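Subject: Handover of a structure and notes on its contents

Dear colleague,

Please find below the structure that I am passing on to you. My notes follow it.

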Amino acid sequence: MIKNRKARILVYVLVSACIVVLLYILCHETGHAAVAYFCGADTIHISITGAYMNSSGGSYNRVTSAMLNIAGMLFPAVISIIYLLLYKREKDSLFYRLFSFLLVAAFSMPAAAWILVPVLYMLGKAPMGDDVTKFLDVTGMNPVILILFAGGLLAVSIFLAWRKGIIRNYWEELRKVEQV
C-alpha cells in the first residue's frame, strides 16, 4: 500500500485514466457496433487499441446512418448518466472518488465536440470523416439544433455531477493533499 497520499493520488489517477480511456473507447465503438448489428451487419470488428469499428453488410437508410454516427457519443453519455444516478456520495474511497470524476468527465465531455464541430460546419471548416460532420451531412439538420441538443446533454451531465457530489468529492480529495 502506498503510504504517501500524493503518490497514492497520482497512481490512482493514472490507473483510473487508463481504465477510463479503454472503457470510453469500448463504449464509443460499441455504440456504433450496436447500430450496425441492428441494421443487419454480417461482421462487426471493434478495435480498442485502434479506436475504430468496422462492419460489413447491413441495410442503412438516412435515419440508421444518422444513428450510426451519433451512437458513438450517445452510448457513453447514457452510461455516464446511469453511473451518475447510481453514484454513492457518502462512499469514502479515494479511488472511487477519483475514478468516478474521471469516468463522468471522459464520458460526458465528448458532447462538447458535438457543439464545436457544428460551429465549424457552419463556417465550412468541419473535419471530413468526423462522426458529427457525417451526422450533419446525412440528416441535413440545422447545426444550431445539434448544438442545443449537445449543450443540453452536457449541461445535464454537469448538473448531475454537481448534484450527486462527484465534483465536490473529487476536489475534497485533492484539497486533502494540500493539508498533508
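Which residue takes a positive phi in the hairpin of S1 and S2? Alanine 51 does, with a phi near 55°, in a hairpin that has 4 residues between the strands.

Before the details, two remarks on conventions are in order. This is a predicted model, in which local features need pLDDT of at least 70 and side-chain atom pairs count only at pLDDT 80 or more, while totals for chains, interfaces and linings use all residues. Residues are numbered from 1 along each chain as its sequence is written, and side-chain values use heavy atoms, with hydrogens and water left out.

The hairpin

Helices (H or I, at least four residues) and strands (E, at least two) are DSSP runs, numbered from the N terminus. Strand S1 covers residues 41-47 and strand S2 residues 52-57; the two pair in the antiparallel sense over 6 bridges, where pairing requires that DSSP finds at least two bridges between two strands. Serine 47 has tyrosine 52 of S2 as its bridge partner. Alanine 51 lies in the loop between S1 and S2, and its phi is positive although the residue is not a glycine. Most residues other than glycine have a negative phi. Alanine 51 counts as partly exposed, at 37% relative accessibility; here buried means under 20% relative accessible area, exposed over 50%, and partly exposed in between (1.4 Å probe, protein chains only).

Leaving aside neighbours within four places in sequence, serine 16 is in contact (heavy atoms within 4.5 Å) with Phe95, Leu98, Phe99 and Leu102. Alanine 36 is also placed in helix H1 and is likewise buried at 0% relative accessibility.

Aromatic rings and charges

How many aromatic pairs does a search of the whole structure find? The search finds 8, where rings of Phe, Tyr and Trp (its six-membered ring) pair if their centres lie within 6.5 Å, and planes under 30 degrees apart count as stacked, over 60 as edge-to-face and the rest as tilted. Tyrosine 24 and phenylalanine 107 have ring centres 5.6 Å apart and planes at 75°, so their pair is edge-to-face. Because tyrosine 24 lies in helix H1 (residues 5-38) and phenylalanine 107 in helix H3 (residues 94-108), this pair ties together parts that are 83 residues apart in sequence. Both partners are buried: tyrosine 24 has a relative accessible area of 17%, and phenylalanine 107 is at 3%. Tyrosine 170 and tryptophan 171 also form an edge-to-face pair, 5.2 Å centre to centre with 75° between the planes. Tyrosine 170 is buried at 12% relative accessibility, whereas tryptophan 171 is partly exposed at 44%.

The charged end of lysine 91 is over the ring of tyrosine 96, 4.9 Å from its centre, and that of arginine 168 is over the ring of tryptophan 162, 5.9 Å from its centre.

The nonpolar core

A nonpolar core is a set of buried Ala, Val, Leu, Ile, Met, Phe, Trp, Tyr and Cys residues joined through side-chain atoms within 4.5 Å. The largest one has 38 residues, of which Trp114 and Ile166 touch the most other members. At least two of its residues come from each of H1, helix H2 (62-86), H3, helix H4 (113-122), helix H5 (131-139), helix H6 (143-163) and helix H7 (166-179). H3 supplies the largest share, 9 residues. Beyond its neighbours within four places in sequence, isoleucine 166 is in contact with Leu84, Tyr87, Ser100, Phe101, Val104 and Ala161.

Cysteines

A search of the whole structure finds 0 disulfides, a disulfide being a pair of cysteine sulfur atoms within 2.5 Å. For cysteine 27, the nearest cysteine sulfur is that of cysteine 18, 16 Å away. Cysteine 27 is buried, at 13% relative accessibility.

Yours sincerely

Technical notes:
A charge sits over a ring if NZ of Lys or CZ of Arg is within 6 Å of the ring centre and within 35 degrees of the ring normal.
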